[in-house]
Amino acid sequence: MKATKRPIHAVTTWLRRQPPKIKAFLAVLSGLVSLLFLRMVVHDHDNLFVAAEFVHALGISVLIFKLTKEKTCAGLSLKSQELTAIFLAVRLYCSFVMEYDIHTILDTATLATTLWVIYMIRFKLKSSYMDDKDNLAIYYVALLVKHLTNSHVEWQSDF
């Protein structure tokens, strides 16, 4: 007699068998549905932003744990970490000037953990850093960070 499959197992098995284009489409679709769901459910967006900043700081803390445990930074982009730190520094400055609330504390924690990741890559794990793979032209991303920072400042000043 054949054992019955659990529904979640059947769905994951079906998903694994799909071609990459279908998987990408389903990922984008689920992201859009999630955003729509959040838009309908969340009424106080400040709580959502606090949760997002907390998860960001927590995620970077997990990254630090991985770096210290595995002693390698292979596959991690130093440039993206540096640009994240620049964005967070500007955002933190704006937070000091305009708000000085829980966002300031969470941005400080996130900036501190991001700076620690940069320190680990540059000095402690330099031998495993793949500089040749981190070949994104920094000025393209710097322009994007500048645009996002300006958008963030304009959005914050609307409130």
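Predicted model: local features only at pLDDT ≥ 70, side-chain atom pairs only at ≥ 80, totals over all residues.

Modeller: Residues are numbered from 1 along each chain as its sequence is written, and side-chain values use heavy atoms, with hydrogens and water left out.

Biologist: What makes the span of helix H3 agree with its number of residues?

Modeller: Helices are DSSP runs of H or I with at least four residues, numbered from the N terminus. The expected span is 1.5 Å times one less than the number of residues. Helix H3 has 26 residues (45-70) and should therefore span 38 Å; its end C-alpha atoms lie 37 Å apart, which agrees.

Biologist: Which residues of H3 are buried, and what do they pack against?

Modeller: Buried means under 20% relative accessible area, exposed over 50%, and partly exposed in between, with a 1.4 Å probe and protein chains only. Glu53, Ala57, Ile60, Leu63, Ile64 and Leu67 are buried in H3. The buried residues of this helix pack against helix H4 (78-98) and helix H5 (102-124).

Biologist: Why is lysine 71 called exposed?

Modeller: Its relative accessibility is 57%, so lysine 71 counts as exposed. Lysine 71 lies in the loop between H3 and H4.

Biologist: What is noted about the phi of lysine 71?

Modeller: Lysine 71 has a positive phi of about 60 degrees although it is not a glycine. Most residues other than glycine have a negative phi.

Biologist: How many aromatic pairs does the ring rule give?

Modeller: Rings of Phe, Tyr and Trp (its six-membered ring) pair if their centres lie within 6.5 Å; planes under 30 degrees apart count as stacked, over 60 as edge-to-face and the rest as tilted. The count comes to 2 aromatic pairs. In one of them, the rings of tryptophan 116 and tyrosine 119 have centres 5.1 Å apart and planes at 35 degrees, so the pair is tilted.

Biologist: Why is tyrosine 119 called partly exposed?

Modeller: Tyrosine 119 has 30% relative accessibility and therefore counts as partly exposed.

Biologist: What makes the pair of tyrosine 119 and phenylalanine 123 tilted?

Modeller: Their ring centres are 5.5 Å apart and their planes stand at 45 degrees, so this pair is tilted. Both residues lie in helix H5, 4 residues apart, about one turn of the helix.

Conventions:
Helix = DSSP H or I, 4+ residues; strand = E, 2+ residues; numbered from the N terminus. Contact = heavy atoms within 4.5 Å.
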